[in-house]
Each structure stands twice: as C-alpha cells, then as structure tokens.
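Reader: I'm new to reading protein models. Could you walk me through this one, feature by feature?

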Amino acid sequence: MNDIRKLHLYTGTGKGKTTAAMGLAFRALGHGERVLIAQFLKDGRSGELQAFKRFENATLWPGEPVKTFVFRMTPQQKEEARAGQTGQAQALTQAIAAMKPELIVLDELAMALTLDMVDEQTARVLLDAALLSGETVVTGRTAPEWLQTRADYVSVITAQKHPYQTEGLTARKGVEW
C-alpha cells in the first residue's frame with residue numbers, strides 16, 4: 001500500500017456498512033497486504049470472520065464480545081460492557097503499533113462511540129495509531145460529528161427498503177450476519 005493513509009467512515013441506516021468494510025479488507029488481502037479486523041458491540045459470530053481465518057495476512061482481533069444490545073443492558077451490564085469495549089480499544093492501539101497492518105477495520109466503533117461504550121479520547125488515540133500504520137475503516141449506524149469531520153471518506157448508506165420493515169423478516173445467517 002502507498003504512504004497515503006486515509007480514514008473511511010461507513011455510516012447510516014442502511015444494510016451494508018460492515019459488508020463494504022469487509023469488501024475493502026478482501027481487496028487489500030488480494031494485494032498481499034496485512035489486514036487487522038476488530039469488531040465492537042458484536043458477538044463474534046459473523047460469517048465473514050470465518051472466511052477471513054483462511055487468509056494468512058488477516059488478523060482477527062479477539063475482541064470483547066457483547067452478549068446483548070446496549071438498550072437491553074442493566075446499568076451494571078453497561079459499565080462492564082463499557083470497560084470491555086474501552087479496554088479493547090486501548091489494547092488495539094498497542095497491537096496496531098506492533099503489527100503495522102496496511103488496513104485496519106474498526107467495525108462498529110462509530111456506534112460504540114455513540115452509545116458511550118468507548119470514550120472519544122480513547123477512540124482518537126486509536127485512530128491516530130491506526131492511521132500511522134495504514135488505511136483505516138470505521139463503521140456504525142450513527143457517528144459523532146467529530147468523526148464525520150475527521151474522516152476522509154464518508155459513505156452514508158441509507159435504507160430505502162428492507163424485508164425487516166416490509167415483511168418482519170429477521171436477520172438471516174449468511175446475509176445479515
């Protein structure tokens with residue numbers, strides 16, 4: 001990868017933010033680049049993670065899984081989740097400096113910021129470290145204004161129609177996760 005390192009933000013209400021980030025990761029792997037993928041606020045069961053395990057240059061960060069949606073958590077569960085997600089961001093900062101991947105995917109970091117699961121200062125330090133190493137992608141349904149301003153690429157994916165809304169269809173293995 002070249003020496004120009006940019007920050008990508010995929011945000012909005014539509015389906016495909018993580019899919020776009022993972023597509024960019026596959027592209028980088030296809031060019032022999034080292035890729036680091038870390039997920040926030042997820043349980044680690046997404047199908048794409050299984051596919052990435054097959055690539056020698058792909059590192060899947062063993063993140064702190066979240067067992068339920070934040071809005072369903074008790075105050076104590078939120079504090080525990082916040083500590084886990086913030087700890088993950090801090091550990092990633094150090095790991096990126098050591099690994100020096102050419103592409104870093106921070107899936108759902110924007111939403112972790114919005115839900116106060118990771119504080120702004122920790123995220124800024126993480127992004128600084130990531131951008132020193134390589135191209136960096138952040139995803140999340142909503143993103144704080146400072147992150148939108150800082151990003152070099154901002155793609156807002158909007159929902160025009162989704163079977164969840166029109167048919168009540170729940171998330172499907174291999175399609176939504």
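Reader: Which strands does helix α1 lie across, and at what angle does it run to β4?

Author: Helices (H or I, at least four residues) and strands (E, at least two) are DSSP runs, numbered from the N terminus. Contact means heavy atoms within 4.5 Å. Axes are lines fitted to C-alpha atoms, for helices over the stretch in contact, and angles run from 0 to 180 degrees between N-to-C directions. Here α1 (residues 17–30) lies across β1, β2, β3, β4 and β5, and runs at about 165° to β4. Keep in mind that this is a predicted model, where local features need pLDDT of at least 70, side-chain atom pairs count only at pLDDT 80 or more, and totals for chains, interfaces and linings use all residues. Residues are numbered from 1 along each chain as its sequence is written, and side-chain values use heavy atoms, with hydrogens and water left out.

Reader: In what order do the strands form the sheet?

Author: Strands of a sheet pair through backbone hydrogen bonds, either parallel or antiparallel. Two strands count as paired if DSSP finds at least two bridges between them. In this model, six strands make an open sheet, ordered β3-β2-β4-β5-β1-β6, with parallel pairing. β3 (58–60) and β6 are at the edges with a single partner strand each, so one side of each has no neighbour in the sheet. On average, neighbouring strands are turned by 15° against each other, direction ignored.

Reader: What are the partners of β1?

Author: β1 pairs with β5 (residues 135–140) over five bridges, in the parallel sense. Four bridges join β1 to β6 (residues 153–156), also parallel. Leu-9 is handy for spotting this: opposite Leu-9 you find Val-138 in β5 and Val-154 in β6.

Reader: Are the faces of β1 covered or open?

Author: In a regular strand the side chains alternate between the two faces of the sheet. Buried means under 20% relative accessible area, exposed over 50%, and partly exposed in between (1.4 Å probe, protein chains only). For β1 (residues 7–11), five of its five residues are buried. Both faces are covered, with Leu-7, Leu-9 and Thr-11 on one side and His-8 and Tyr-10 on the other.

Reader: How many residues are in the largest nonpolar core?

Author: A nonpolar core is a set of buried Ala, Val, Leu, Ile, Met, Phe, Trp, Tyr and Cys residues joined through side-chain atoms within 4.5 Å. The largest one has 32 residues, and those with the most contacts inside it are Phe-40, Leu-106, Leu-109, Val-138 and Leu-147. Elements that each supply at least two of its residues include β1, β2 (35–39) and α3 (75–99). Apart from that core lies another, of 15 residues, with Val-35 and Leu-103 among them.

Reader: Where is Glu-108 found, and is Glu-108 buried or exposed?

Author: Look in the loop between β4 and α4. Glu-108 is buried, with a relative accessible area of 17%. A salt bridge is a side-chain nitrogen of Lys or Arg within 4 Å of a carboxyl oxygen of Asp or Glu. Glu-108 has none, and the nearest side chain of opposite charge, Lys-42, is 4.2 Å away. Lys and Arg count as positive and Asp and Glu as negative, while His and the chain ends are not counted. Glu-108 also has a positive phi of about 70°, although it is not a glycine.
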